[in-house]
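Trainee: I have not looked at this structure before. Could we go through some of its details by question and answer?

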Amino acid sequence: NPPRLAEWFVYGGMIRIKTSFLSSFRHHRFSTPLLNKPSSLLSLRSNPNRRFGRLGCVRAMTSHIVGYPRMGPKRELKFALESFWDGKSSAEDLQKVAKDLRISIWKQMADAGTKFIPSNTFSYYDQVLDTTAMLGAVPPRYGFSGGEIGFDTYFSMARGNATLPAMEMTKWFDTNYHYIVPELSPDLKFAFSSHKAVTEYKEAKELGIETVPVLVGPVSYLLLSKPAKGVEKSFALLSLLGKIIPVYKEVLAELKAAGATWVQIDEPTLVMDLDSHQLKAFTEAYEQLEDALSGFSVIIETYFADLPAEAYKTIVSLKGVSAIGLDLVRGDKTLELVKSLGFPSDKYLFAGVVDGRNIWANDLEASLTALKTLEGIVGKEKLAVSTSCSLMHTAVDLVNETKLDEEIKSWLAFAAQKILEVNALAKALAGEKDEAFFSANAASQASRKSSPRVNDEAVQKAASAIRESEHRRGTPVTARLDAQQKNLNLPILPTTTIGSFPQTPDLRRVRREYKANKISEEEYFKAMKEEISKVVKLQEDLDIDVLVHGEPERNDMVEYFGEQLKGFAFSANGWVQSYGSRCVKPPIIYGDVSRPKPMTVFWSTAAQSMTSRPMKGMLTGPVTILNWSFVRNDQPRFETCYQIALAIKDEVEDLETAGIQVIQIDEAALREGLPLRKSEQNFYLDWAVHSFRITNFSIKDTTQIHTHMCYSHFNDIIHSIIDMDADVITIENSRSDEKLLSVFREGVKYGAGIGPGVYDIHSPRIPTAEEIADRINKMLAVLETNILWVNPDCGLKTRKYGEVNPALTNMVSAAKLLRTQLASAK
């Protein structure tokens, strides 16, 4: 069949085939002995249709995985990284753990029958930082002088060091993963400075595993970057395209020399609302790369949303591109887009039908129906089954789970199980449907729909009723702040922290032993109260104005609440990378949500009894609980969020009744849930902000409501933040060079209290009092003195007391210094 079969011959009992789809030789072994002569006529007496529809017509199972989790099933990389950072192990030790993880991942995919296995999706910290290293785009302050980038420079960019701050970190699109933002300038010199992509491809090849090297695409890399400090605002990041393309050409040349035949280039920014100039950059980039891509089969991968029509037209016309990866899960309009605009006959479609962002088992029959529809559009030989995005956003392996009950477990699929789903769908599409696998899947889908654990009519009714009101507090925020100041009597520039204090090994041990019934409830409560007392005394000694209890009883700011709410389930090892070595274990929201009893009142009132200073009651807000959980996919997300809001409302009212006068309701993840397309953003912001207001609309004017947001760009949603109607908001600021403050310079009137973070808690670096005072002065240039709070960027859970004590000492000293200066200036 000449259109599909370019070359074939027989040798050593194998048919050796090169097709236009495979673009390289692959071996196909048959049980029937074959004539050991090139170009012999074949007589296949064993089932000739199993692999071949007819002789020369290949209909192979074609499966693809976009990417895979890096941390390991038991967080092996996390512990290796932290051991290395603490000086307890060597670079060689870290590299060995990393290599073992990569090998196990590749073998797992190969054993499952995956045809297109990714390499270079492993990272010691972040894939965008890896691209910065590959390009040699190191900010000058790190003193990089060329050559191959080592761990010292790499981790200094990610985490800072004793003398230098880290690069900015922000959310990866609308996920809870954080990436390190490249800092670029017109005079930055680019050079091929990390051969990681080539090294890892060769590493897999030595195992006999052919992989698809994955690169962050050049246009997306630039669009996800920021101008370096001091660079004129008029500097266009895309103007650097011509400077980075030569490095990409070098990388591709080395991959080609190493034997790579496929390459995956991730261009996820194509799903954003891009202007014509930005879209043109993709065309220009791939025209410049056309010669370098010659000889490769190239997948351009997109994810997290459907493509806008103009972006779709752009991507299908890119030169040198063989295949396009599309998200059919979050991209709920993708199928209709392909139907209406068609698909080019010279390209392959990698259909992301298995969800890479959630842990629910795929509805295999529904996915197979969608795939067959696509097959009718693009052709049988032009379709591959894929994940919707990298599986790094989901948990690693359900096999490791001992905590989930069997019914809920049957509804789930972690990354390892999603590989099996992809391959099962690919086999079914190739005519080799595994009936037992599909039947088991259908049974689990039916079980979930009919389970009485999922639906609670009373909760559904209450959530539906709340849409009838806006749920706003009756008094304007400025009047509330006056009433609260009379009650709390705080100084100007009041100091506070965000909530958590260091979680020491002893503290974690006590919690583990209590959960394992190795210590009594009495012993546990005693240990927690002793820890709270220590944290309260420390804050009083530091002279902090509004205290926190340090949250020693909490494993995680979402998991802690989910464990006390109905409708949640929890895994033992469902860890997901958030940034660097930081992992979270998202709760699983499987049913309607309600609060059976108070969750925090005991600990907050115990802490308040230890001090005369105001003690913040600490809660996680409904939108953050939603966005940091694996959320049920059988009803709209806003319905689930309203249910959580009502549960938190009950808790807020109980805290106020118990005498807590300051209550913080963290909405750290409100911005990250913002849809990527502007046309969908207002609807999300309306119900997200409404959910927050539901939690506290009924309380007294004298009760002060705080909220906290971290690591996001806020300028475009500032009016929604104001609409939340909190009394005080604390916001990450230190890594972003006060760019948040520009919104206030541009005339936005903000009457509530605000605390832009004055130092970065994600770095071990301890800021000086003078440095913090300088930051506060920059804030005072655009904010009223009477609304400004002084606080760190985020909670202190991940830091050590040896870092926390001096940093907070310097923070309080800076606030006192400026109070004195402001008083003398009157």
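This is a predicted model: local features need pLDDT of at least 70, side-chain atom pairs count only at pLDDT 80 or more; totals for chains, interfaces and linings use all residues.

Trainee: Is the pair of Phe84 and Phe155 stacked, edge-to-face or tilted?
Mentor: The ring centres of Phe84 and Phe155 are 6.0 Å apart, and the planes stand at 50 degrees. Stacked needs planes under 30 degrees apart and edge-to-face needs over 60. The pair of Phe84 and Phe155 is therefore tilted.

Trainee: How many residues apart are Phe84 and Phe155?
Mentor: Phe84 belongs to helix H1 (residues 76-85), while Phe155 belongs to helix H4 (residues 151-159). The pair thus links distant parts of the chain, with a separation of 71 residues.

Trainee: Which residue has its charged end over the ring of Trp85?
Mentor: Trp85 is in one aromatic cluster with Phe84, Phe122, Tyr124, Tyr125, Phe151, Tyr154 and Phe155. Over the ring of Phe122 sits the charged end of Arg102, 5.0 Å from the ring centre. For Trp85, the charged end lies 3.9 Å from the ring centre and belongs to Arg159.

Trainee: Is Tyr642 buried or exposed?
Mentor: Tyr642 forms an edge-to-face pair with Phe638, at 6.1 Å centre to centre and 65 degrees between the planes. The two are four residues apart in helix H23 (residues 637-657), so about one helical turn separates them. Buried means under 20% relative accessible area. Tyr642 has 6%, so Tyr642 is buried.

Trainee: Are helices H8 and H10 roughly parallel or roughly antiparallel?
Mentor: The axes of H8 (residues 276-288) and H10 (residues 309-316) come within 10 Å and cross at roughly 10 degrees. Angles under 35 degrees count as roughly parallel. H8 and H10 are therefore roughly parallel.

Trainee: How many residues of the contact of H8 with H10 are charged?
Mentor: H8 contributes Leu279, Phe282 and Thr283, and H10 contributes Glu310, Ala311 and Thr314. These divide into three nonpolar, two polar and, for the charged class, one.

Trainee: What is the relative accessibility of Leu493?
Mentor: Leu493 is in the loop between helix H17 (477-488) and helix H18 (505-515). Its phi is positive, about 50 degrees, although Leu493 is not a glycine. Leu493 counts as buried, at a relative accessibility of 0%.

Trainee: What is the phi of Asn120?
Mentor: Asn120 is in the loop between strand S7 (117-119) and helix H3 (127-135). Asn120 is buried, with a relative accessible area of 15%. Although Asn120 is not a glycine, its phi is positive, at about 65 degrees.

Note on methods: Residues are numbered from 1 along each chain as its sequence is written. Side-chain values use heavy atoms; hydrogens and water are left out. Rings of Phe, Tyr and Trp (its six-membered ring) pair if their centres lie within 6.5 Å; planes under 30 degrees apart count as stacked, over 60 as edge-to-face and the rest as tilted. Buried means under 20% relative accessible area, exposed over 50%, partly exposed in between (1.4 Å probe, protein chains only). A charge sits over a ring if NZ of Lys or CZ of Arg is within 6 Å of the ring centre and within 35 degrees of the ring normal. Axes are lines fitted to C-alpha atoms, for helices over the stretch in contact, and angles run from 0 to 180 degrees between N-to-C directions. Angles under 35 degrees count as roughly parallel, over 145 as roughly antiparallel, 65 to 115 as roughly perpendicular and the rest as oblique. Contact means heavy atoms within 4.5 Å. Ala, Val, Leu, Ile, Met, Phe, Trp, Tyr, Cys and Pro count as nonpolar, Asp, Glu, Lys and Arg as charged, and the others, Gly among them, as polar.
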